[in-house]
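Colleague: Could you walk me through how to read helix packing and the spaces inside a model?

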Amino acid sequence: MKSQEILHQPYTLGSLVLKNRFVMAPMTRSRALNYMPNDLMLEYYKQRSTAGLIITEGVAPSANATGYVRIPGIYTEAQIEGWKKITAAVHENDAKIFAQVIHTGRASHVDNLPEGGEILAPSGISTDSDVWTDTQGMQKASLPREMTTADIEATKNEFVQAALNAIEAGFDGIELHGANGYLLDQFLNPASNQRTDGYGGSVENRARFYIEVTAAVVNAIGKDKVGARISPYGLFNGMIIYPEMEDTFFYLAAELSKIGIVYLHLVDHSSMGAPALTDSVVKGIRTNFKGTIVGVKNYTAETAVADIENGTIDLPAFGRAFIANPDLPYKFLNNLELAQPDMATLYVASATGEAGYTDYPFAEVVSS
């Protein structure tokens with residue numbers, strides 16, 4: 001077995017020093033009643049502050065962005081105050097925490113929106129997929145309204161304000177969720193973007209919104225406080241594989257590198273049934289993006305070390321493993337068996353309360 005030493009060493013991420021290379025991946029857990037970060041969430045993140053870096057679940061920058069039930073926002077003063085408690089608890093254990101800012105776009109249902117929210121997307125095309133609602137269970141995603149130029153400008157401003165709010169709430173930075181068929185990804189993909197203006201058509205035009213949002217957020221809070229997530233070959237939320245896909249992500253990676261964001265988060269969800277990333281897209285993104293690469297693909301300790309050593313990634317992100325093992329670094333270091341997550345409460349939007357959330361035990365520390 002490969003030595004795990006590199007996973008447990010500090011890592012310099014921009015102006016931050018992470019206590020280890022363990023990244024807790026962002027995962028929707030749907031415990032934010034009334035879209036508010038709460039004490040149960042505080043306990044959840046505090047437990048997992050064994051990670052060097054936590055990336056939160058998707059946090060909505062506006063009412064329009066709130067496509068799923070019980071996801072937290074960061075657009076009201078009350079939400080900011082709730083997050084302050086969580087970031088403080090994480091920092092007490094010398095961990096860093098980024099808020100993942102998500103706009104769900106067309107991956108939404110009207111029953112899930114707060115009052116005043118509206119479903120917007122690059123084009124007026126539904127995902128034709130199912131979305132959980134607390135009102136009537138699974139329902140077909142609602143038809144979005146195609147964004148006007150004014151909507152695009154307003155949404156960019158929402159991302160910027162959310163980033164400023166995150167810094168006010170004590171976050172070390174934010175991650176723009178540009179993956180998995182959400183709004184930024186919807187602009188990239190011709191399945192959801194059939195615009196004929198400057199935000200549609202060519203690779204450069206379809207990447208424009210993502211790039212403009214990123215540049216605006218960096219201008220507001222600084223490049224060392226901004227990461228971004230991408231999912232080439234992802235099919236979630238009605239995305240398709242299209243002929244210029246790799247060229248799109250090579251171009252996007254190069255432009256994000258020019259802006260100078262601190263990391264690029266590359267998603268490989270093949271373990272969950274999505275197509276695996278090709279070697280060419282992984283190498284092309286690594287070539288075009290000069291900063292830190294965070295990778296997520298159902299890592300074990302051994303495969304994480306291998307990908308660091310072969311230069312594919314710099315930081316491995318762990319999702320399900322952190323759900324069931326809040327002390328994951330300790331368990332890896334001591335070669336302890338990992339607990340398995342309760343599948344009934346894993347990513348199920350109907351799950352509430354502490355079951356499958358904050359009730360996973362820590363390993364007993366046996367003194368010598």
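**Helix packing, a cavity and a pocket**

Modeller: Gladly. In this predicted model, let's begin with a contact: from H3, the residues Ile152, Thr155, Lys156, Phe159, Val160, Ala163, Leu164 and Ile167 meet Phe209, Glu212, Val213, Ala216, Val217, Ala220 and Ile221 of H5. By type, the residues of this contact divide into 12 nonpolar, 1 polar and 2 charged.

Colleague: What describes two packed helices?

Modeller: In general, the angle between the axes and the distance between them describe such a pair. Here, the axes of H3 (residues 149-168) and H5 (residues 203-221) come within 9 Å and cross at roughly 35 degrees.

Colleague: Is the crossing of H3 and H5 left-handed or right-handed?

Modeller: H3 and H5 cross in a right-handed sense.

Colleague: Now the cavities. How many of 30 Å³ or more are there?

Modeller: The count is 1, and the largest cavity has a volume of about 30 Å³. Its lining consists of Asp185, Leu188, Asn189, Ser231, Tyr233, Gly234, Met239, Tyr242, Met245 and Phe249. Helices H4 (183-188) and H6 (245-259) each supply at least two residues of that lining, which divides into 6 nonpolar, 3 polar and 1 charged.

Colleague: And the second largest pocket: how much space lies in it?

Modeller: About 260 Å³. It is lined by 16 residues, of which Leu266, Val282, Lys297, Asp307 and Thr312 are the closest to its centre.

Colleague: Which element gives the most to the lining of this second largest pocket?

Modeller: Helix H7 does, with 4 residues. H7 (279-288) and strand E13 (292-296) each supply at least two. The lining of this pocket divides into 6 nonpolar, 4 polar and 6 charged residues.

Methods: Residues numbered from 1 in each chain as written. Predicted model: local features only at pLDDT ≥ 70, side-chain atom pairs only at ≥ 80, totals over all residues. Heavy atoms only, no water. 1 Å grid on protein atoms, 1.4 Å probe; cavity = no way out; pocket = protein on both sides within 12 Å on 5 of 7 lines; lining within 4 Å. Points joined across faces, edges and corners; volume = space filled by probe spheres on them. Nonpolar A, V, L, I, M, F, W, Y, C, P; charged D, E, K, R; others polar. Axes fitted to C-alpha atoms, helices over the stretch in contact; angles between N-to-C directions. Left-handed = near helix turned anticlockwise from the far one by under 90°. Contact = heavy atoms within 4.5 Å.
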